[in-house]
Amino acid sequence: MIPTRDPMDESTTAWALAGRAGDAEAVEHFVRALHRDVLRYVAHLCADPQAVDDLAQDTFLRALGSLHRFEGRSSARAWLLSIARRAVIDSYRHSAARPRLHDATDWQLAVERAQPCGLPGFDDGVALADLLAALPEERREAFVLTQLLGLPYREAAALTGCPVGTVRSRVARARATLIDLLTAADEQCPRPAVVAA
């Protein structure tokens, strides 16, 4: 069976190729179409929620700077997410080389205060982030790429540098772990019975 390409991937790849040829409007379409995917991917890879926007911007700056070298051998989304992955890795390296100091005595309280609250779906997002954080890094990355960002297994395998079967296995194991975690959470906090009036 020949895998079918996602129409969105075909569009973004066409825009990237047109942008490579100098079409400014195609570049704008390319950035708008993939901005959310880059933000989500970077957010799941990055340990610092405050750095997500900067890393996404860095990703697009790198991509636009090397757009002239994009040849369309993979989808533009897979190409861009590989750049995002390198941007996150580079930020880790930079942070390790130059640790930031903070004058707050209680760093956990400072982090909690910096997080947005009261937003619709915020609690669900925190719960999902906590569940994903419980996964081993390789499984989490495979799950985010394929299940949250919708990247085909073949492209996720190329992006992570491992065989397609390994990506499938990691996703299956991630799903099983997430189901076990949700089941355990439900058992610890049973939902109250609804009483009809």
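This is a predicted model: local features need pLDDT of at least 70, side-chain atom pairs count only at pLDDT 80 or more; totals for chains, interfaces and linings use all residues.
Let me begin with a term: a residue is called buried when its relative accessible area is under 20%, exposed when that area is over 50%, and partly exposed in between, using a 1.4 Å probe and protein chains only. By that rule His-68, at 47% relative accessibility, counts as partly exposed, and its place is in the loop between α3 and α4.

Residues are numbered from 1 along each chain as its sequence is written, and side-chain values use heavy atoms, with hydrogens and water left out.

Now to the overall picture. The chain has 9 helices and 0 strands, where helices (H or I, at least four residues) and strands (E, at least two) are DSSP runs numbered from the N terminus. Of its 197 residues, 30% count as buried, and the accessible surface, from the Shrake-Rupley method with a 1.4 Å probe and, for residues, only the protein chains shown as cover, comes to about 12,900 Å², of which 55% belongs to carbon and sulfur atoms. If we take contact to mean heavy atoms within 4.5 Å, then among contacts between residues at least 6 apart in sequence, 66% join residues at least 24 apart.

What about the interior? A nonpolar core is a set of buried Ala, Val, Leu, Ile, Met, Phe, Trp, Tyr and Cys residues joined through side-chain atoms within 4.5 Å. The largest one here has 41 residues, of which Val-38, Tyr-41, Val-42, Leu-81 and Leu-145 touch the most other members. At least two residues of this core come from each of several helices, among them α2 (24-45), α4 (76-97) and α9 (164-188). Leaving aside residues up to four places away in sequence, Leu-81 touches several residues, including Val-38, Tyr-41, Leu-145 and Leu-159.

Ala-76, in helix α4, is buried, with a relative accessible area of 0%. Not counting residues up to four places away in sequence, Ala-76 touches Thr-12, Thr-13, Ala-16, Phe-30, Leu-34 and Phe-70. Of these, Phe-30 is 46 residues from Ala-76 in sequence and 8.6 Å away in space, C-alpha to C-alpha.

How do α7 and α9 cross? Their axes come within 8 Å and cross at roughly 100°, the axes being lines fitted to C-alpha atoms, for helices over the stretch in contact, with angles running from 0 to 180 degrees between N-to-C directions. That makes α7 roughly perpendicular to α9, since angles of 65 to 115 degrees count as roughly perpendicular, those under 35 as roughly parallel, those over 145 as roughly antiparallel and the rest as oblique. Residues making the contact include Ala-142 and Phe-143 of α7, and Val-171 and Ala-174 of α9.

Finally, a few words on α8 and α6. The buried residues of α8 are Glu-155, Ala-156, Ala-157, Leu-159 and Thr-160, and the helix is followed by Gly-161, whose phi is positive, near 75°. Ala-129, in helix α6, counts as partly exposed at 40% relative accessibility.
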